[in-house]
Amino acid sequence: VPVDGPEIEDGVLIVEGKTIAAVGRRDDVKIPRDARQIDAAGKVILPGLVCTHSHIGGFGGADSSGPIQPGVRVFDSINVHDPGFRRALAGGLTTLNIMPGSGHLSSGRTSYVKLRYWDDHPRRVEDLFLRDDAGNPLGGLKMANGTNSMSAGDPFPGTRAKSAYLVRQEFIRAREYAEKIQEAGDDASQLPPRDLHLETLVEVLRQRRVVHHHTHRHDDIMTVLRLAREFDFRVVLHHVSEGWRVAEEIAEAGVPCSIILLDSPGGKLEARYLLPKNARMLEEAGVRCAFHTDDPIIDSRYFLRAGAMAVRSGMSREGALEGLTLAGAEMLDLQDRVGSLTPGKDADLAILDGDPFSVYTHVLETWVEGQKVFDRSDQDDRLYATGGYGAGHTTPPYMCCYENQP
């Protein structure tokens, strides 16, 4: 299932090194003589799944000292040994946008990571980074509105109107900060004191960093659209529980949505009007839609179920498949690297034993950059696919009563 083209009934995928070399019908693809061949007859191959909103590894970002702290980096809080990463591989996920929490109007920078796990565990979070051509870690900026970020009392806003005011005020400060830097030119003595929060917002104003914006209610969604229009920043709307109520307005603004579809009751009051038809109505209005897990809200092992639920509620099969892969890659500006089985892209893929949207289907293998990183037939890997939420926590007993044997 290439995603960027029609499904191929009897297909061949050729991987060379870390990238995809060719994909097509068996009769149309020439297999190199020295290739190691893997017979996947009767199985389904998808691109590695892309989750645009995850909290695996820890979502520590801003603290209680203020409501807007964009300069904080979530990757300084990420634990690469969190078993959630292995569970994500068991669900076929290969690329994640790891976000700080939504208790602030801005809680910090997000991190785009690739689940490179073929050496058991990465040693550092840097091993997971997706980077730009200059070697800088890629990521966006987490922002939020609604009840999460209102909190109660100074310095937090307390109301929706005050929330929007504080954000507007901070973007104005960032604009003035950028002007001062430009006016200083090559004269370092005229530069304003360095401000990491404002530096991040300047990147947003210059459209070098995408805003990933938590928002649920239709009025909150419209507030984000107004701010994005006023300050001309790029934004992806996340959650959008009431997106169906303002689908035409979202489409007119040309803003994509990363949506969540829960298959169990619960959640917050402002998400009470989340409907399964949300994906269908947004798609019909012309909004580009991706899905996310918000893990641990939805266990990453069940990410495919989001697409299945959307299809059941009327979304097209093609749109749902893209929502799990290519659409999410586009929202992270990674569409040239991941999101489809396209020659030249990273060899990230998931092998399934049935239709992607069947409840009976399992992820058998997950591959990242040409390396197998999950195999359901392996006993150790299977633990992460079938075990409980704590599967993979391997802290041994210690201290006086236990001798730790190799």
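Which residues of strand β7 (residues 111-114) point one way, which point the other way, and are they buried or exposed? In this predicted model, Ser 111 and Val 113 point one way from β7, whereas Tyr 112 and Lys 114 point the other way. All of these residues are buried. In a regular strand, side chains alternate between the two faces of the sheet. Strand β7 runs antiparallel to β5 (residues 93-98), to which four bridges join it. Lys 114 of β7 is the bridge partner of Thr 95.

An open sheet of six strands is arranged in the order β6-β8-β9-β10-β11-β12, and its pairing is mixed. Strands β6 (106-109) and β12 (289-291) stand at the edges with a single partner strand each, so one side of each is left without a neighbour in the sheet. From one strand to the next, the twist averages 25°. Strands β6 and β8 run antiparallel and are joined by three bridges; Arg 109 has Leu 141 in β8 as its bridge partner.

Strand β8 (residues 141-144) also contains Lys 142. This residue is buried but has no salt bridge, and the nearest side chain of opposite charge, that of Asp 294, is 6.4 Å away. A polar atom of the Lys 142 side chain lies 3.0 Å from the backbone oxygen of Pro 100.

Arg 87, in helix α1 (residues 84-90), is likewise buried without a salt bridge. The nearest side chain of opposite charge to Arg 87 belongs to Asp 299, 4.1 Å away; a salt bridge requires a separation within 4 Å. Beyond residues up to four places away in sequence, Arg 87 touches Asp 299, Arg 301, Tyr 384, Gly 388, Tyr 389 and Ala 391.

Methods. Residues numbered from 1 in each chain as written. Predicted model: local features only at pLDDT ≥ 70, side-chain atom pairs only at ≥ 80, totals over all residues. Heavy atoms only, no water. Helix = DSSP H or I, 4+ residues; strand = E, 2+ residues; numbered from the N terminus. Buried < 20%, exposed > 50% of the residue type's maximum accessible area, 1.4 Å probe, protein only. Lys, Arg positive; Asp, Glu negative; His and termini not counted. Contact = heavy atoms within 4.5 Å. Polar contact = N/O pair within 3.5 Å; in protein donor to acceptor, adjacent residues only side chain to side chain. Pairing = 2+ DSSP bridges. Axes fitted to C-alpha atoms, helices over the stretch in contact; angles between N-to-C directions.
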